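Me: Here is a structure I have not seen before. Please take me through its aromatic rings and its surface.

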Amino acid sequence: MGMKEYPMTFREFTKQFATEEQCRDYLYKLRFPDGFCAPSAATRKREKLGKP
């Protein structure tokens, strides 16, 4: 599933990011499209971190 483009209007923004969780998940996927992997663990399985 590809990432949707950035919302261009306030209405699009509020629809796409109705909750903090939706916003956090979107930003996570932008930053770590293949999952988070610590530099020292480059050969280990990539895993999603728990919520802060």
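Reply: Like charges are joined within 9 Å, nonpolar side chains (Val, Leu, Ile, Met, Phe, Trp, Tyr) within 5 Å. Areas come from the Shrake-Rupley method with a 1.4 Å probe, and for residues only the protein chains shown count as cover. This is a predicted model; local features need pLDDT of at least 70, side-chain atom pairs 80 or more, while totals for chains, interfaces and linings use all residues. Residues are numbered from 1 along each chain, and side-chain values use heavy atoms, without hydrogens and water.

Me: Which residues make the nonpolar surface patch of about 310 Å²?
Reply: One member, Leu30, lies in helix α2, residues 20-31 (helices are DSSP runs of H or I, at least four residues). The patch is made by Tyr6, Leu27 and Leu30.

Me: Is Tyr26 buried or exposed?
Reply: Buried means under 20% relative accessible area, exposed over 50%, partly exposed in between. Tyr26 has 9% relative accessibility, so Tyr26 counts as buried.

Me: How many aromatic pairs are there?
Reply: Rings of Phe, Tyr and Trp (its six-membered ring) pair if their centres lie within 6.5 Å; planes under 30 degrees apart are stacked, over 60 edge-to-face, the rest tilted. By this rule, the count is five.

Me: What angle lies between the planes of Tyr6 and Tyr26?
Reply: The centres of Tyr6 and Tyr26 are 6.4 Å apart. The pair is edge-to-face, at 70 degrees.

Terms used
Patch = residues over 30% accessible without salt bridge, like charges linked within 9 Å, V, L, I, M, F, W, Y side chains within 5 Å. Salt bridge = Lys/Arg side-chain N within 4 Å of Asp/Glu carboxyl O. Helix = DSSP H or I, 4+ residues; strand = E, 2+ residues; numbered from the N terminus. Buried < 20%, exposed > 50% of the residue type's maximum accessible area, 1.4 Å probe, protein only.
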